[in-house]
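User: I'm new to this structure and would like to learn how to read it. Could you walk me through it, feature by feature?

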Amino acid sequence: MTFEIAFVLGLTLAALVLFAMDRLRLDQVAMSVPVVLLLSGILTPAEAVSGLSSRATVTVGSMLVLGLGLRKTGLVSAIGAWARTAPLGGKYSRMLVLCLVCALLSPFLMTTAVVMVFLPVFVALADQAEEPASRYLMPLSFVSILGGTVTLMGTSTNLVVHGEAMRRGFDELHMFSITPLGLICLAVGLVYLFTAGRVLLPRRVRAPDLSSKYDIRRFVTELHVPEDSPANGRSLAELKWGERYGVTVLDIERGEQEITAPHGDRHIRPGDVLYVQGSAERLLELARRQRLETPRERKEQGLDLAGGSGRLVEVLVAPGSSLVSRTLRDLNFAQRYDAAVLAIQHHGVTVTERLAEVSFRVGDLLLVHGTPNALARLVEDPGFVPVGEVKTQTGRRPRAGVAAAIMVGVVLSASLGLLDIMTAALSGVGLMVFTRCVRVEEIYAEMEWMVLFVLAGLIPLGVALETTGAAELLARGVVAATAPLGASGLVAAFYLVTVLMTAIVSNAATAVMLTPVAILAATQAGVNPYALLIAVMFGASASFVTPFGYQTNVMIYGPGGYRFSDFVKVGGLLNLVLLITASLLIPIFWPS
């Protein structure tokens, strides 16, 4: 083993460990990799930046823009609105039909977009059936993932493997090359989820209301403002109670007037009744320092968080949200949305103190209090997904048909061989922009840039694995270990290794690292290279065993009230069934 091979393998291992520890941002680690390889002299400057111009990066970015165009014109949300009210039969048949709708959309939209739209639909479906959301959301995520394996454009993983394979001269895969296997895996997954999987799905009983779920009432106190309070005549922005005491003013009663989620420029007056949320210790400190009084006789009802002019809504931090890796203070949340965050739930843990200092991640749940109009504006932001139903004003979307026609044109031109997938997708982006289905500033603001930066950072690592001989060394080891098992054994080995890696790191990162190894292993073993490429492609998407390996699993984790063990139990068996299915069928579809 040469020094260069040892260095690249060590760097790969270090990146995997950092990904698994989740202490640093995924894109931060990924973008550091080509810099290290460049400084070490292993990669040339052109090779170090090759990820930025890679077909995979460009195609994935184009598909993200196309999906954004379909969302901005209202086409996807219109399908979600139809799903809420369509007469689809009983609760089980309704769930099956909606799963099939998600499976139909996922091959042509990014999976995360499908789950963002249908998450509140499935929560409402669970409420109608008087069952916990945990019985409905896992099937939503798993079916959407499986649907994405039906076409090459269905997931970023498919596009990454396809792009990296084309860069190495393997260009025989087309739009629907993987469709037969994808449909079989989808059918197997559906049968499992509605039989054995449904038995294994947990029943996480939901709290009767949101304030009970987050135990908010225990942290809300009514305070009166006397004449001698130092707060009189000063605005909430001047007082900075959130920064100084870690509390939030939810509501002000001023005579007959109720001021819900008051702005920072709202001034305190003598006689005001403030409803303040925070820990008991902090509230007592606030009352003592500001000489605020608690009423001698508390009102029987106190603040009705979900009544009067105020409402409660639970929203999910979605991929691409402006809150990801930022705090409420960074975003100036209260002033921007005229609403107050009362609690945060991260991986099932509820946080009610020092909310302004919490750094957010995809999948976090926010309990937000505000007026109906303010909450409607909040959920119109694509970075937040309402878990429950929030009434919004739905205006006319005259370009929805144009966006649909563009997407159909992209699919047809790529599937008929008129254009390759990258060219078709780029052409679709141009049409989306010039027909104003999506604006350039919306692309800058709302695209999932992290996906592109991860690819741009890790594709040079794949180059280094190949050019130094590290990939060949790994391939030789896998081939030697699986030699007695034949082609099916080699396919199973790559599928299994891919599944295990994607449970720890992102699926795109897994695909980038394993694609060159798979090609070299196929060459050494005399196996059809496409068989191992498909094994990597399907294995990287089969992220069912942990809640953190795939963004859609992260998104349903909080709303479903799941535990890590739920994914291991339900998703683990599904992974085993799909492993057997893929190992048997891939050598048949792509024989040696």
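Analyst: Happy to. Let's start with axes: these are lines fitted to C-alpha atoms, for helices over the stretch in contact, and angles run from 0 to 180 degrees between N-to-C directions. Helices (H or I, at least four residues) and strands (E, at least two) are DSSP runs, numbered from the N terminus. One caution: this is a predicted model, where local features need pLDDT of at least 70 and side-chain atom pairs count only at pLDDT 80 or more, while totals for chains, interfaces and linings use all residues. Residues are numbered from 1 along each chain as its sequence is written, and side-chain values use heavy atoms, with hydrogens and water left out.

User: At what angle do α24 and α28 pack?

Analyst: Two packed helices are described by the angle between their axes and the distance between the axes. Here α24 (residues 486-502) and α28 (residues 564-589) pack at about 145 degrees, and their axes are 9 Å apart. A crossing is left-handed if the near helix is turned anticlockwise from the far one by less than a right angle, and right-handed if clockwise. For α24 and α28 the crossing is right-handed.

User: Which residues of α24 and α28 meet?

Analyst: Contact means heavy atoms within 4.5 Å. From α24 come Ser488, Val491, Ala492, Tyr495, Leu496 and Val499, and they meet Asn575, Leu578, Leu579, Ala582, Ser583, Ile586 and Pro587 in α28. By kind, this contact has 10 nonpolar residues, three polar and no charged. In that count, Ala, Val, Leu, Ile, Met, Phe, Trp, Tyr, Cys and Pro are nonpolar, Asp, Glu, Lys and Arg are charged, and the others, Gly among them, are polar.

User: How do α4 and α9 cross?

Analyst: The axes of α4 (residues 55-72) and α9 (residues 156-167) come within 8 Å and cross at roughly 150 degrees. Angles under 35 degrees count as roughly parallel, over 145 as roughly antiparallel, 65 to 115 as roughly perpendicular and the rest as oblique. So α4 and α9 are roughly antiparallel to each other. Their crossing is right-handed. The contact is made by Arg55, Ala56, Thr59, Val60 and Met63 of α4 with Ser156, Leu159, Val160, Gly163 and Met166 of α9. Six of these residues are nonpolar, three polar and one charged.

User: What is the phi of Lys240, and of Asn332?

Analyst: Lys240 is not a glycine, but its phi is positive, about 50 degrees. Lys240 sits in the loop between α13 (236-239) and α14 (241-245) and is partly exposed at 43% relative accessibility. Asn332, not a glycine either, has a positive phi of about 55 degrees. Asn332 belongs to the loop between α16 (328-331) and α17 (333-337), and its relative accessible area of 41% makes it partly exposed.

User: And how many helices and strands does the chain have?

Analyst: There are 28 helices and nine strands. Of the 592 residues, 56% are buried.

Definitions and conventions:
Buried means under 20% relative accessible area, exposed over 50%, partly exposed in between (1.4 Å probe, protein chains only).
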